[in-house]
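Welcome! Here is a short briefing to read alongside the sequence and the 3D view. Take your time and find each residue as you go.

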Amino acid sequence: MVVDLTVVIPVYNEQEVLPLLAERLRPVLDGLDTTYEVLCVDDGSDDLTPALLQRMSREWDQLRIVRLRANAGHQAAISAGLALARGDYVVTIDADLQDPPELIADMVDIARAENADVVYGVRSDRSTDSVFKRTTARLFYRVIRRISGTAAHSNAGDFRLMSRATVDAINSLPDHNRVLRFVVPALEFPSASVEYRRDERAAGTSKYPFLKMLRLSVDSVTGFSLVPLRLATYLGLGGAALTLLASFALVIASRNGTVIPGWTSTVLAVAGVGALQLMCLGILGEYVGRMYTQLQGRPAYFVAFDSHADTRQTRS
């Protein structure tokens, strides 16, 4: 059944915030005077989230539950939702209510009025985030824009509206390690934006600790730019040039009899070159690993249950 709007919500251990989410989201969608579905993608929760979703679905016909067999990660959960979404427009939003669901109505209006394929939710006020998070995010986005040429907004996360054409384009991409906040801008479809103040998490704890953010950053850099790969080449050439210059200097010093005997300089040179080689191998390893994963063709997620589908299992 095709609907006008699908709202994709990835959830992982969100038992505290789900009732608050439904309390705010349902009136907004019911007031749109359009057909819709709310597609909650349960990313392998091990708390009461599955039971709460089932109870909510009995009182909310438009609520559709998709359960992944194992925790696949935030971006994979969103990708699963996009693959199964049936709406002409698709909104992605997190369950923590840091992004206001009341803004969905404005997004739909802007998309229709401006014929935009994408409407980004842009955070005009991030005072609820820590100084460290705001600073590192700003620097990271600046670097990504510089090395990849992708016009990703530093204050736009995963809260956005997309047209069916945009969703179909994303679903056709072969990459399993998608970072959607960079994939969508890279398509360069007509877009608009709407600003809002980012609130504190309504309940529960953050599901994006530092290590997950670091992994997301690595996937973003290796997935959207060849600069690190070229940097390895530049560093290798620079190391070779320095070694050549050092060789000339040692030959001249040896002829002048000013060479100080000892092994310190040798150890430092070997260690420096070894560190450089390891750095280059590490960067190359990221790309080789992505090619290896892609060639394996392993699905990024497995769907164990879809409350509104005829089939019981889907993979992608």
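**A briefing on the fold**

Asn13 is buried, with a relative accessible area of 15%. Here buried means under 20% relative accessible area, exposed means over 50%, and partly exposed lies in between, using a 1.4 Å probe and protein chains only. This is a predicted model, in which local features need pLDDT of at least 70 and side-chain atom pairs count only at pLDDT 80 or more, while totals for chains, interfaces and linings use all residues. Residues are numbered from 1 along each chain as its sequence is written, and side-chain values use heavy atoms, leaving out hydrogens and water.

**The overall picture**

- The protein has 10 helices and nine strands; helices (H or I, at least four residues) and strands (E, at least two) are DSSP runs, numbered from the N terminus.
- Of the 316 residues in the protein, 42% are buried.
- Among contacts with a separation of 6 or more, 82% are between residues 24 or more positions apart, where contact means heavy atoms within 4.5 Å.

**Two asparagines in loops**

- Asn13 sits in the loop between strand S1 (3–11) and helix H1 (18–30), and has a positive phi of about 50° although it is not a glycine.
- Asn115 also has a positive phi, near 55°, and is found in the loop between helix H4 (104–114) and S5.
- Asn115 is exposed, with a relative accessible area of 64%.

**Helix H6 and its neighbours**

- In helix H6 (residues 164–171), the buried residues are Thr166, Val167, Ala169 and Ile170.
- Looking down the axis of H6, these residues fall within an arc of 160°, so they line one face of the helix; the arc is taken from the directions from the helix axis to the C-beta atoms.
- The buried residues of H6 pack against several elements, including helix H3 (74–84), strand S5 (118–125) and helix H7 (180–187).

**Strands S2 and S3**

- Five of the six residues in strand S3 (residues 63–68) are buried, so the strand is mostly covered.
- Strand S2 (residues 36–42) pairs with S3 in the parallel sense over five bridges; two strands pair if DSSP finds at least two bridges between them.
- Val66 in S3 is the bridge partner of Val41.

**Salt bridges**

- The count comes to 10 salt bridges, each being a side-chain nitrogen of Lys or Arg within 4 Å of a carboxyl oxygen of Asp or Glu.
- Side chains of opposite charge can pair when their charged atoms come close.
- Asp30 forms a salt bridge with Arg26, with the closest N and O atoms 3.5 Å apart; the two are four residues apart in helix H1, about one helical turn.
- Asp42 and Arg67 meet in a salt bridge through their side chains (3.7 Å, N to O).
- Asp42 lies in strand S2 and Arg67 in strand S3, so this pair ties together parts that are 25 residues apart in sequence.
- Asp42 is buried at 1% relative accessible area, whereas Arg67 is partly exposed at 22%.
- The side chains of Arg198 and Asp99 also form a salt bridge (3.2 Å, N to O).
- Arg198 is in the loop between strand S7 (191–197) and helix H8 (210–224) and Asp99 in the loop between S4 and H4, so the pair ties together parts that are 99 residues apart in sequence.
- Both Arg198 and Asp99 are buried.
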